[in-house]
Amino acid sequence: MRVFVYGTLQRGEPSHAQLQGARFVASAVTEPTYELVSLGEYPALLEGGSTAVVGELYDVDSELLARLDLFEDVPELYERKVIRIAGHHAQGYVMRRQQAQSAERIAGGDWRRR
């Protein structure tokens with residue numbers, strides 16, 4: 001299964017160890033239909049925006065995907081959904097907009113350049 005990550009799960013970020021056992025595929029950018037917001041120590045991807053979000057693609061097995069779902073607190077905090085990446089699709093973690101109402105928008109869609 002291919003997974004798109006855009007925040008603290010990326011290489012060099014504090015939660016990257018959660019992806020141990022995954023295979024890095026490539027850097028990637030979503031279609032410009034999302035919004036990236038900061039919740040302080042981590043970001044959230046929201047649907048219904050106009051921003052292309054920068055991240056990374058990984059191949060993960062079903063066991064690692066289940067661990068990532070627990071780490072991302074699915075379905076309480078995030079939902080795992082199909083993310084539209086230029087040229088293909090991947091699974092990714094999306095927050096419901098109402099849970100991020102007071103969050104600050106990251107204009108460039110890149111967590112590392114916030």
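Accessible areas come from the Shrake-Rupley method with a 1.4 Å probe, and for residues only the protein chains shown count as cover. This is a predicted model in which local features need pLDDT of at least 70 and side-chain atom pairs count only at pLDDT 80 or more, whereas totals for chains, interfaces and linings use all residues. Residues are numbered from 1 along each chain as its sequence is written, and side-chain values use heavy atoms, with hydrogens and water left out.

**View 1. Surface of the protein.** The accessible surface comes to about 6,000 Å², of which 48% belongs to carbon and sulfur atoms. The C-alpha atoms of the protein fill a box of roughly 35 × 30 × 25 Å, taken along the principal axes.

**View 2. Tyr 93 in strand β7.** Tyr 93 is found in β7, residues 88-95, where strands are DSSP runs (E, at least two residues) numbered from the N terminus. At 2% relative accessibility Tyr 93 counts as buried, a class that means under 20% relative accessible area with a 1.4 Å probe and protein chains only.

**View 3. Partners of Tyr 93.** The side chains of Tyr 93 and Asp 69 are joined by a polar contact of 2.7 Å; such a contact is a pair of N or O atoms within 3.5 Å, and within protein one must be able to donate a hydrogen and the other to accept it, while residues adjacent in sequence count only if both atoms are side-chain atoms. The C-alpha atoms of Tyr 93 and Val 5 are separated by 7.7 Å, although these residues lie 88 residues apart along the chain.

How values were computed: Helix = DSSP H or I, 4+ residues; strand = E, 2+ residues; numbered from the N terminus. Buried < 20%, exposed > 50% of the residue type's maximum accessible area, 1.4 Å probe, protein only.
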